[in-house]
Amino acid sequence: MNFYAIRAIYFHEMDRMRRTIGQSILSPVISTSLYFIVFGSVIGGMIPELDGVSYGSFIVPGLLMLTLLTQSISNSAFGIFFPKFTGSIYEVLAAPVSSFEIIVGFVGASATKSLIVGIIILLTASFFVELKIQYPLLMLFLLVLTCLTFSLFGFLIGLLSNNFEQLQVVPLIIITPLVFLGGSLYTIEMLPEFWQKVSYFNPVVYLINGMRWSFYGASDINIFISVVSLVGFLIACIVGVAIVISKGYGVKT
Amino acid sequence: MQNVVSIKKLSKTYDNDFQALKNITLDIKKNEIIALLGPNGAGKTTMISIICGIVIPTSGSVTVDNFDIIKDYRRTRSLIGLVPQELSLEQFEYVFNNVSYTRGLYGKAPNPSLIEKILKDLSLWDKRHSRINELSGGMKRRVLIAKALSHEPSVLFLDEPSAGVDVELRQEMWQVIKELRNSGVTIILTTHYIEEAEAIADRVAVINKGELLVVDNTSDLVKSMGQKTLLIELHEAIRTLPSKLERYNLTVLNNGLSISYNYDSSSKQTGITSLLQDMKETGLKLKDLNTEQSSLENIFVELVREN
């Protein structure tokens, strides 16, 4: 195992976050704070309690997942796409590094960045709403698992993208709508019966509800189904990345 | 001399059916400078990209220090340094950090004193805290060389090292390459600058359309494939050549004041003595004599044209 290479890639990517601190940290924190101000404090004050918690507190897990998903995907997609774009990927390909080590370096750094942003968002949320976490260890487990899974997914997108437009398609056109329609700002029970059934086909519903259960011990979906769904998606991402990188698709000719 | 890189029947066909390499076999000797010479699109970059692990070969095999580049990729790649043709650098990074990053990728522990030495040798030490986008093109190319040397490779590939580099920097780079060779590094460089190959390479391999046309010592190649020309300056201009001199295939130059005669210097009989004797007999008076050796450039052009 080339530990020095993993370390080099990891800190190289973390260094990118330090250089772009405004984009990496401040931007998601500001946009999430705006959600808390508008939906949590202003509008939330006029909405009755949901699942026994105030609306402001209710949306915290959903907004946390929204940020984790989008950040994890964009961090790792950009992390691998940017060297492809500049051509500097040559040195990673020419180095004595296995595909596994490359993935650990890039995905590890991306997941760490998302984790940092997630923790900052939780701290930010505590300024706006009352925050209780009933199962902190489960919350932490889901936090790490989500960051890793979607960083892997983003890595796959970065590998397969040939231009900046392709890089943005999945996060903007697929992930963001799925998160907004996945119960991040409401419970599925609030929807008409038909749309409730449709929502069960949205994979993000399981993730948001899993996170919500770790906060308040109540959600629309059984926690075990949520965890199994997340682990299932993690395995699918691992298989996808392994196939793509072993074929050299997107980076080797 | 021991071979450090052995290429056997190497072929590469890209997805668009373009055959970049056709059955190339080449041995590269330890501690030599070999120039891969060829026009644009000849297959030079594809060849070194395969050896470095960036491009997947279609068939054939390559060993570096007797290790297969695919089965033993960790060993072979750790021996190799690559300076790419393009200035492929992350523009917002600092020079020192970026060079250290490459050393890490190659599985080597951080060694700031070695990086300092490399940067000083390449006149980049003053720029160690500069962002790469603040450097000139020549400096960026030196950063690429510093990165390639950061893990102390024994084989160094330089893909078009003088592309877009001014004359002064080119001379400096040649000096750096020679010093590296003197320190025990084997250098493989691709170029389409003939003078570069002539100036620093021990051997030259000419590639065109994916085929290896010739491999030889630079001086031997010039000697064996090159022609010499005897330039004869006359006292008085001639309108036509005397019939006695027709068999020499002479060319009349300079409004009849000069004659040129091409001959093979490696041949036992160059024909010079009989030519001069025949000229004397025809009454032509000689003013001066001069010989010229055809250059590597002439040979290269001729080889590529024939191919």
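**Close-up 1. Helix 2 of chain A passes helix 3 of chain A in a right-handed crossing.** In this predicted model, the axes of helix 2 (residues 21-43) and helix 3 (residues 55-86) of chain A come within 10 Å and cross at roughly 155°. Since angles over 145 degrees count as roughly antiparallel, that crossing makes helix 2 of chain A roughly antiparallel to helix 3 of chain A. On the side of helix 2 of chain A, the contact is formed by A:Ser24, A:Pro28, A:Thr32, A:Tyr35, A:Phe36, A:Phe39 and A:Gly40, and these meet A:Tyr55, A:Gly56, A:Ile59, A:Val60, A:Leu63, A:Leu66, A:Thr67 and A:Gln71 in helix 3 of chain A. The residues of this contact divide into 9 nonpolar and 6 polar, with no charged residue among them.

**Close-up 2. An aromatic pair within helix 3 of chain A is formed by A:Tyr55 and A:Phe58.** Over all chains, the count comes to 18 aromatic pairs, and one of them is that of A:Tyr55 and A:Phe58, which is stacked, with 6.3 Å centre to centre and 20° between the planes. Both residues lie in helix 3 of chain A, 3 residues apart, which is about one turn of the helix. A:Tyr55 also belongs to the contact of helix 3 with helix 2 of chain A.

**Close-up 3. Helix 1 of chain A passes helix 5 of chain A in a right-handed crossing.** The axes of helix 1 (residues 3-19) and helix 5 (residues 99-128) of chain A come within 8 Å and cross at roughly 35°. Helix 1 of chain A contributes A:Ile6, A:Ile9, A:Tyr10, A:Glu13, A:Met14 and A:Met17 to the contact, while the residues from helix 5 of chain A include A:Glu101, A:Ile102, A:Val104, A:Phe106, A:Thr112, A:Lys113 and A:Ile116. The residues of this contact divide into 10 nonpolar, 3 polar and 3 charged.

**Close-up 4. Chain B holds an open sheet of 4 strands with antiparallel pairing.** The strands follow the order 2-1-4-5, and the edge strands, each of which pairs on one side only, are strand 2 (19-29) and strand 5 (67-68) of chain B. Strand 1 (residues 3-13) and strand 4 (residues 59-64) of chain B pair in the antiparallel sense over 5 bridges, and the bridge partner of B:Val5 in strand 4 of chain B is B:Val64.

**Close-up 5. Helix 1 of chain B lies across strand 1, strand 2 and strand 4 of chain B.** This helix, spanning residues 44-52, runs at about 115° to strand 1 of chain B.

Technical notes. Residues numbered from 1 in each chain as written. Chains lettered and ligands numbered in written order. Predicted model: local features only at pLDDT ≥ 70, side-chain atom pairs only at ≥ 80, totals over all residues. Heavy atoms only, no water. Axes fitted to C-alpha atoms, helices over the stretch in contact; angles between N-to-C directions. Helix = DSSP H or I, 4+ residues; strand = E, 2+ residues; numbered from the N terminus. Parallel < 35°, antiparallel > 145°, perpendicular 65-115°, else oblique. Left-handed = near helix turned anticlockwise from the far one by under 90°. Contact = heavy atoms within 4.5 Å. Nonpolar A, V, L, I, M, F, W, Y, C, P; charged D, E, K, R; others polar. Pairing = 2+ DSSP bridges. Phe/Tyr/Trp six-rings, centres within 6.5 Å; stacked < 30°, edge-to-face > 60°.
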